[in-house]
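Dear colleague,

I am handing over the structure that follows, together with some notes on what was found in it. Please read the notes with the model open beside you.

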Amino acid sequence: MNMNRKLSAAATLLSALTASNAMGQVSNWTNSAGGTWNVFGNWDAGIPMTTGQSAVFGLGSPYGVSISTISPTIDELHITNPDVTLVVVPGRTLGLAGATSTNNGLIDLNITGSSANSIIRIDNAHTMNGTGAIRLRTLGDNARIDGPGTLTNGAAHTIRGVGQINAPVTNNGLITGDISVSLSGNTLEIQSDVTNNAFMRAEATSILGLEGTTIDQTGGGSIVAADAGSVNVNNLGATILGGTVGTEGTGEFNIAGGGAATFDSVTSTGFIDVDPSGNLNITGAGLLNDGVIMLNRTGSSANSVLTFV
């Protein structure tokens, strides 16, 4: 019996050491009232600041934490408590350099509408799992996801709001332009390539901007403009490979003047509006069109062009 207990204890210790090594040095948040990241007493193992360290937000009560006076770059972030809100204030960056994080709560970027930038930076290939959301709350580059690393958005995880996504993304969850969480602006700008295996949307009175990006939907993804929402292709252009583009109600997929969209083997189930001086190019296996394509609905002398390549 004593030998069995010793073996069990040894196995438990080995499991704990393996988990600890996977995340490096782990610091657990201990202040149930919330507070600021940079206060030593809020953590059980010191302030997580650098690679080789990870942060865990558990406990059982609702609380908020702000990254306000430092810009930590850590391996992993684990928000296991769904009632936690982590705020990256203007002028600060949260860097993620490890492999996997969990967000069951909220991560808010730029909650004041400031012209200073709040940033999540992805340094290496990184997966964000969990049932929570990253909310970009201020227009343009003032709330953004950056980085050379590819961010994988987990199947139950959401990225919503306005601002910019400049890091490459593999989307297995939901990415949505959503003015309902915005303090300024109505456009979520996609400025990096996306492998979209799930859902990208523009909510009502919101814009999902595709700006110089390639969206690979050969895994079965869809891009949808909700009623009164708009998916816009600007003068930087966009290429969509496979999958579906669609609209709901009065929603539109708009190709702006000077912009060019390329659809490669895409299915369309909605309303596509090609503005004067805009171009829609159809390549690959062609276009399965179950919707409407409108060319030059303003009667302009500039050309709206639909080309089959």
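This is a predicted model: local features need pLDDT of at least 70, side-chain atom pairs count only at pLDDT 80 or more; totals for chains, interfaces and linings use all residues.

Residues are numbered from 1 along each chain as its sequence is written, and side-chain values use heavy atoms, with hydrogens and water left out.

Overall build

The protein contains one helix and 34 strands, where helices (H or I, at least four residues) and strands (E, at least two) are DSSP runs numbered from the N terminus. Its C-alpha trace spans about 85 × 45 × 30 Å along the principal axes. Of the 309 residues, 51% count as buried; here buried means under 20% relative accessible area, exposed over 50%, and partly exposed in between, with a 1.4 Å probe and protein chains only. The protein exposes about 12100 Å², and carbon and sulfur atoms supply 54% of that area, as computed by the Shrake-Rupley method with a 1.4 Å probe, where for residues only the protein chains shown count as cover. Taking contact to mean heavy atoms within 4.5 Å, 48% of the contacts between residues at least 6 apart in sequence join residues at least 24 apart.

As for charge, there are 10 positive and 21 negative side chains, and the centres of the two sets lie 14 Å apart. In this count Lys and Arg are positive and Asp and Glu negative, with His and the chain ends not counted, and each charge is placed at NZ of Lys, CZ of Arg, CG of Asp or CD of Glu.

Core

In soluble globular proteins, nonpolar side chains tend to be buried together. The largest nonpolar core in this model has 56 residues, and those with the most contacts inside it are Trp 37, Phe 57, Leu 77, Leu 210, Phe 253 and Phe 263; such a core is a set of buried Ala, Val, Leu, Ile, Met, Phe, Trp, Tyr and Cys residues joined through side-chain atoms within 4.5 Å. Once neighbours within four places in sequence are set aside, Leu 210 is in contact with a list of residues including Ile 190, Ile 223, Val 231, Ile 240 and Phe 253.

Aromatic rings

A search of the whole structure finds seven aromatic pairs, where rings of Phe, Tyr and Trp (its six-membered ring) pair if their centres lie within 6.5 Å, and planes under 30 degrees apart count as stacked, over 60 as edge-to-face and the rest as tilted. Trp 43 and Phe 57 form an edge-to-face pair, 5.4 Å centre to centre with 65° between the planes. This pair links distant parts of the chain, since Trp 43 is in the loop between strand E2 (35-36) and strand E3 (53-57) while Phe 57 is in strand E3, 14 residues apart. Both Trp 43 and Phe 57 are buried, and ring pairs link Trp 29, Trp 37, Trp 43, Phe 57 and Tyr 63 into a cluster.

Single residues

Leu 59, which is not a glycine, has a positive phi of about 60°; Leu 59 lies in the loop between E3 and strand E4 (63-67) and counts as partly exposed at 41% relative accessibility. Asn 110 is also a residue other than glycine with a positive phi, near 60°, and is placed in the loop between strand E10 (106-109) and strand E11 (118-122), but Asn 110 is buried, with a relative accessible area of 0%.

Arg 121 lies in strand E11 and counts as partly exposed at 28% relative accessibility. Not counting residues up to four places away in sequence, Arg 121 touches several residues, among them Thr 73, Leu 94 and Asp 146. Asn 254, in strand E29 (residues 252-255), is buried with a relative accessible area of 10%, and the C-alpha atoms of Arg 121 and Asn 254 are separated by 30 Å.

Val 292 lies in strand E33 (residues 292-295) and is in contact with Gly 270, Phe 271 and Ile 272, leaving aside neighbours within four places in sequence. Val 292 and Gly 270 are 22 residues apart in sequence and 6.2 Å apart in space, C-alpha to C-alpha.

With best regards
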